[in-house]
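Trainee: Hi! I would like to learn how to read a protein structure, one feature at a time. Could we look at one together?

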Amino acid sequence: MLEPSTPSGEASPIVEPREEILSLWRAFGELSFDSRSRALRLGQIRSVRSGDVYRPEGEIAVVLEGCLLLDSGNRGTYCGVAAAGDLIDIGGGSQGLWLTDGSLYQASVSAFCSEAGEEGFRLLLAGGAERLKSMETRLRCAMAHGAVARVASFLLDVHRASGRSEIALSQANIGELLSLRRSSINQACQSLRAAGALRTVRGRILLKDEGVLASAACCRYRPTFPALRKR
């Protein structure tokens, strides 16, 4: 039987949901179906490029595609890595650097709460509490673990978010983010390189063996991503 939707008689192709919309849908997963549907009609989606700086604008912001490295703007204040579906700004958040090309959803806080109601307000409060908990966990780990464990955990965090084995950061960049002295970051990377976990080139880190990195990472890390291809 011919599909009536096409005058040529050809069946209409099945349109898959855009990946950006699926990421946004996941980010608002705690909301009811109706609240999520209304919230999706708000805001705008903009493209970003690798190397772009992200600055919070006091709005709702959700990563739709790509990998965003977050920090507070001060040395040694690494705040985590955001990937598709992560809520990163709830009326004021961390700044960051895009490690890959991607896209970002932004909407007014007042408009979001108006559409999502009390559910939306609770979602934002929960997001703020989760971000604070994550920061506290990272601070405890920074105090309890040495440079090798912290560097390994950081590299695995970035890989999990980006899905890539090549990280466009230098040893110096990582040392600054983790508040490590030059000698400490150099020794940590040398140890991981000698163990076969990574290779360093100018301005980049190439990950080689997930198992070695995971065994060296600090206790908070739980690898849940596909294995890296050994090189």
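Trainee: In which sense do strand S10 and strand S11 pair, and over how many bridges?

Mentor: Good place to begin, and keep in mind that this is a predicted model. Strand S10 (residues 198–201) and strand S11 (residues 204–207) are antiparallel partners, joined over 4 bridges. Look for valine 201, which stands opposite arginine 204 in S11. The two strands make a hairpin with 2 residues between them, and glycine 203 in that turn has a positive phi of about 75°.

Trainee: Which strands form the open sheet, and in what order?

Mentor: Four names to remember here: the order is S2-S7-S4-S5, with antiparallel pairing. Strand S2 (53–54) and strand S5 (78–82) are the edge strands, each pairing on one side only. Helix H4 (residues 147–162) packs on this sheet, where it touches strand S4 (68–71) and S5, and its direction makes about 30° with that of S5. Between S2 and strand S7 (residues 95–98) there are 2 bridges, and valine 53 stands opposite leucine 97.

Trainee: How many salt bridges does a search of the whole structure find?

Mentor: The general idea is that side chains of opposite charge can pair when their charged atoms come close. Here the search finds 4 salt bridges. One of them joins aspartate 101 and arginine 49, at 3.4 Å from N to O. Aspartate 101 is in the loop between S7 and strand S8 (102–107), while arginine 49 is in the loop between strand S1 (44–48) and S2, so the pair ties together parts 52 residues apart in sequence.

Trainee: Which side chain meets glutamate 166 in a salt bridge?

Mentor: That is arginine 204, at 2.8 Å from N to O. Glutamate 166 sits in strand S9 (residues 166–167) and arginine 204 in strand S11, so this pair links distant parts of the chain, 38 residues apart. Glutamate 166 is partly exposed at 39% relative accessibility, and arginine 204 is partly exposed at 33%.

Trainee: How many disulfides are there?

Mentor: A disulfide is a covalent bond between the sulfur atoms of two cysteines. In this model the count is 0. Cysteine 67 is buried, with a relative accessible area of 0%, and cysteine 189 is buried at 1%.

Trainee: What is the mean pLDDT of the protein chain?

Mentor: The mean is 78, and 81% of the residues reach 70 or more. Over residues 1–17, though, the pLDDT is below 50, and it is also below 50 over residues 222–231. Where pLDDT is low, the predicted coordinates should not be read in detail.

How values were computed: Residues numbered from 1 in each chain as written. Predicted model: local features only at pLDDT ≥ 70, side-chain atom pairs only at ≥ 80, totals over all residues. Heavy atoms only, no water. Disulfide = S-S within 2.5 Å. Buried < 20%, exposed > 50% of the residue type's maximum accessible area, 1.4 Å probe, protein only. Pairing = 2+ DSSP bridges. Contact = heavy atoms within 4.5 Å. Axes fitted to C-alpha atoms, helices over the stretch in contact; angles between N-to-C directions. pLDDT = per-residue confidence, 0-100.
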